[in-house]
Every structure is written in C-alpha cells, then in structure tokens.
Amino acid sequence: MLDRDVFLRPIAHRGLHDARRGVIENTEPAFAAAIAKDYGIECDLRPAADGTPMVFHDLQLGRLVECPGRISDHGPAHLKTLTYRLAKTPILSFAELLELVGGKVPLLVEIKSDWTAADPAFLKAIAKHAKKYKGPLALMSFDPGVMAEMKALAPKLPRGIVSGLYKGEGWWLDRLDPERAYRLSHLIESGPVAPHFFAYHVKALPTPVTRFLREGLGMPLFTWTVRTDADLQIAAQWADAPIFEDLPL
C-alpha cells in the first residue's frame, strides 16, 4: 500500500529544477533543492547498455548532453563521464540517487518504457536497489507490462500506473494503435498490476475512471505535470497530490 501520510504532498517533477539557474532536471542539485523544501521527488529511469538503471528522462541523450545516440547505447562507466550541457553535473545512477535522498523525502520513480519488451536486467536491477532502500519509495510506469513485471520482482513495493488521454499529438503516436491508446487511457490493462495508486495527466482531469478510482475505491491519485495556477486548482479538486514544476508552492 501507498502511505498517504508520507506520499500525498507536492512532488517535484524531475526534482526542483530550473534550467535558467543552471539546475537541470533529474540531477543532484535538483533533488537537493526538493529535499531542502521537503517536497517529494519524481524521477525517471532508463537503462544503460548493460541494464544499469540511470536517472534520465529521454530515450536520446542529445537534448541535455553533448553526446549522440540513445542512453542505452552507452555503458554506465561512459555515461558517468558525460555532463549536462547547461551545468557540469554528471548523470546519476539509480543507486547514487537512493544514496543521495537517503529516505529524507518520498520518491516516485517512473520506469520509462516504449511499450516494447523491457530489458530484464534493467527491471531486476531496479527491484534489487529499491528493495534494499530504507526510505519511502514507489514505482510507476506508463506501461502496465512493466509494472506487472515489477509486481513479480518486488511485490511489497508500492506500484502505480501513469496515464492520460492518448489523443492528439504525442510521443506515443508511432507506438500505439487507436485500440491500445483507448485501453491505456481508460486503465483497462491495469488489472494484472494490482496498482496501489495512479498518476493521471492534469489536462485530462476529471474523467469517469479517475473519479471512480479516487471517490469510489478510495485510491490515491497523483496528477502530472502541474505547471500553472489553473492546473493547481484542478489538482486540488480532482487529485490527491500534484507532480509539479515551475510553481512556488
């Protein structure tokens, strides 16, 4: 189960980052800033070439790092030599993130997926590190298949599904057909996961299924990504905690 008293607070999306001040998403300074404000932390994991979980959002390195290709093209040792373009800050491994946070604030850890077969070494390494961690930590993904695997690997850890309305433009267009998009939007594939919580796109709230989960079943609902006062009002009415950025909460 997800501990409501611990997790239901403002969650800093990819840490409390601000590129204008040289504080880059998913980096040690962003996480330290969130801890200083007593915010929860949301972060992302991608696999290195050997499956080592690395704290990084994008599939490709190029938006943030002066290096071509996918993060999974490189081993962890090489990734540790790279620094972010706007700050001389290294890419963190999941193990390093856990050591940094050390149970000070809750962690919502998103396992990135393209709805293809996940690297078993990646998922096993996430489970290994997460099960040893002493602080509050929950795992989540857009991919129910990934979370079903995590249920088997780490059954005692809180786990959740991230979703939204898969309509219009999006990163998912070349990966999901309309039927799969509908099923994911309406959380139809969540059964095998037995989720403890959900996180839903703030621009889509409220929906019948999110209202049923929250009001009918009493399940915790996070909402992402809350960036404006209007988003914050929606979050306050239709969710239990905002995953936010660019807001002085």
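1. In helix 5, L123, K124, I126, A127 and K131 meet V146, E149, M150 and L153 of helix 6, a contact being heavy atoms within 4.5 Å. By class, these residues comprise six nonpolar, no polar and three charged. Here Ala, Val, Leu, Ile, Met, Phe, Trp, Tyr, Cys and Pro count as nonpolar, Asp, Glu, Lys and Arg as charged, and the others, Gly among them, as polar.

2. The model is predicted: local features need pLDDT of at least 70 and side-chain atom pairs pLDDT 80 or more, whereas totals for chains, interfaces and linings use all residues. Residues are numbered from 1 along each chain as its sequence is written, and side-chain values use heavy atoms, with hydrogens and water left out.

3. Helix 5 and helix 6 (residues 144–153) pack at an angle of about 50 degrees, and their axes lie 10 Å apart. Helices are DSSP runs of H or I with at least four residues, numbered from the N terminus. The two helices are therefore oblique to each other, the class left after under 35 degrees (roughly parallel), over 145 (roughly antiparallel) and 65 to 115 (roughly perpendicular). The crossing of helix 5 with helix 6 is right-handed, that is, the near helix is turned clockwise from the far one by less than a right angle.

4. Helix 5 (residues 120–132) also packs with helix 4 (residues 94–101), at an angle of about 15 degrees and with the axes 10 Å apart. Helix 4 and helix 5 are therefore roughly parallel, and their crossing is right-handed. The residues that meet are F94, A95 and L98 from helix 4 and I126, H129 and A130 from helix 5. This contact has five nonpolar residues, one polar and no charged.

5. F122 is placed in helix 5 and is buried, with 2% relative accessibility (buried means under 20% relative accessible area, with a 1.4 Å probe and protein chains only). Leaving out residues up to four places away in sequence, F122 touches L45, R46, P47, G51, P53, I111 and K112. Between F122 and A194 there are 72 residues in sequence and 21 Å in space, C-alpha to C-alpha.

6. T210 belongs to helix 8 (residues 208–216). Is T210 buried or exposed? T210 is buried, at a relative accessible area of 3%. Beyond its neighbours within four places in sequence, T210 contacts Y200, L205 and L221.

Key: Axes are lines fitted to C-alpha atoms, for helices over the stretch in contact, and angles run from 0 to 180 degrees between N-to-C directions. Buried means under 20% relative accessible area, exposed over 50%, partly exposed in between (1.4 Å probe, protein chains only).
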